[in-house]
Amino acid sequence: MRNKTAYIVIAILFVLFHVVVFTIPMEKTACFWVAYGFSVLSFFIVTFSWKISAVKKSLQSLFLGIPVFYVSVVYCVLQLLTFVVFMIVNRAPVWAAVLVCSLILGISCICMITTKAGAETIADTEVKVAAKRKFIKDLQIEVELLAEKESDKETKEKLFLLAKKIRLSDPMSDESLSTLEEEIFAIVENFCNSTDKNETISEVERLLLRRNKQVMDLKG
């Protein structure tokens, strides 16, 4: 519904633009038509940029698209102001209208491209960071679930304490730690089959400490 509302607003503004332009009596010179053509193009660019920002429903796509949409709106406003100027100064040479409108369009396109590229770079980095933090997050959830299901009070307390240690661990991971992390996760997954749960918890704590020290070493 939100997407349709935006298209309706743009369409209404587009119609109002034409009503104002063709209602006011004035001489339609070549300069006028050049500025008019660029103004119509600016509406299509705003519509297209909104479509880009609303293609997906994720926050990431919103982050990528909205800045581009804002730049396109600024371009549209600047172009409409330029059109008003050339409506008033309709005896200006055609080359002046072409040059000014082309410069505004070119600079705006560069801003939209660089804005989108920068946003994509940041988003890609966030995706990589999220993937590296996945191990600690999943491990904490797994241990907390075990603690909730545990009937023995002493073991339950140790599991909650282990979950706290996991939560306070450095969340960043690395490919070089994959074997160690897989070993830790495998032990936790098989916790219910353990014959000595307290010893298993101690083993996980030792491996977790080793993993955290390796993370510190990797950070230098």
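Me: Buried means under 20% relative accessible area, exposed over 50%, and partly exposed in between (1.4 Å probe, protein chains only). With that settled, are F32 and F83 buried or exposed?

Reply: Both F32 and F83 are buried. Keep in mind that this is a predicted model: local features need pLDDT of at least 70, side-chain atom pairs count only at pLDDT 80 or more, and totals for chains, interfaces and linings use all residues. Residues are numbered from 1 along each chain as its sequence is written, and side-chain values use heavy atoms, with hydrogens and water left out.

Me: Fine. What secondary structure does the chain have?

Reply: Seven helices and zero strands. Along the sequence the pattern reads α-α-α-α-α-α-α. Helices (H or I, at least four residues) and strands (E, at least two) are DSSP runs, numbered from the N terminus.

Me: And how much of the chain is buried?

Reply: Of its 220 residues, 36% count as buried. Take the contacts between residues at least 6 apart in sequence: 73% of them join residues at least 24 apart. Contact means heavy atoms within 4.5 Å.

Me: Back to the rings. How many aromatic pairs are there?

Reply: The whole structure holds 13 aromatic pairs. One of them is F32 with F83, a tilted pair with 5.4 Å centre to centre and 50° between the planes. The rule: rings of Phe, Tyr and Trp (its six-membered ring) pair if their centres lie within 6.5 Å; planes under 30 degrees apart count as stacked, over 60 as edge-to-face and the rest as tilted.

Me: Which helices do F32 and F83 lie in?

Reply: F32 is in helix α2 (residues 30-53) and F83 in helix α3 (residues 59-88), so their pair ties together parts that are 51 residues apart in sequence.

Me: What else is around F32?

Reply: An aromatic cluster. F14, F17, F22, F32, W33, Y36, F43, F44 and F83 make it up. K28 also lies over the face of F32, at 5.5 Å from the ring centre. A charge sits over a ring if NZ of Lys or CZ of Arg is within 6 Å of the ring centre and within 35 degrees of the ring normal.

Me: Cores next. How many residues are in the largest nonpolar core?

Reply: It has 29 residues. F17, F32, Y36, F38, Y75, F83 and F86 have the most contacts inside it. The elements giving two or more residues are α1 (2-23), α2, α3 and α4 (94-149). The largest share, 11 residues, comes from α2. A nonpolar core is a set of buried Ala, Val, Leu, Ile, Met, Phe, Trp, Tyr and Cys residues joined through side-chain atoms within 4.5 Å.

Me: What does F38 touch?

Reply: Y75, Q79, C101, S102 and L105, leaving out residues up to four places away in sequence. There is also a second, separate core of 19 residues, and L180, I184, V204 and L208 are among them.

Me: Which residues of α7 are buried?

Reply: T200, I201, V204, L207, L208, R211, N212 and V215. The length of α7 (residues 197-219) agrees with expectation too: at 1.5 Å a residue its 23 residues should span 33 Å, and the end C-alpha atoms are 33 Å apart. The expected span is 1.5 Å times one less than the number of residues.

Me: Where is A92, and what does it touch?

Reply: A92 is in the loop between α3 and α4. Not counting residues up to four places away in sequence, A92 touches C31 and F86. A92 is buried, with a relative accessible area of 18%.

Me: T82: buried or exposed?

Reply: T82 is buried, at 11% relative accessibility. T82 belongs to helix α3. Leaving aside neighbours within four places in sequence, T82 is in contact with V100, C101 and I104.

Me: And I88: buried or exposed?

Reply: I88 is exposed, with a relative accessible area of 67%. I88 is in helix α3.

Me: Last one. Which helix has K149?

Reply: Helix α4. K149 is exposed, with a relative accessible area of 63%.
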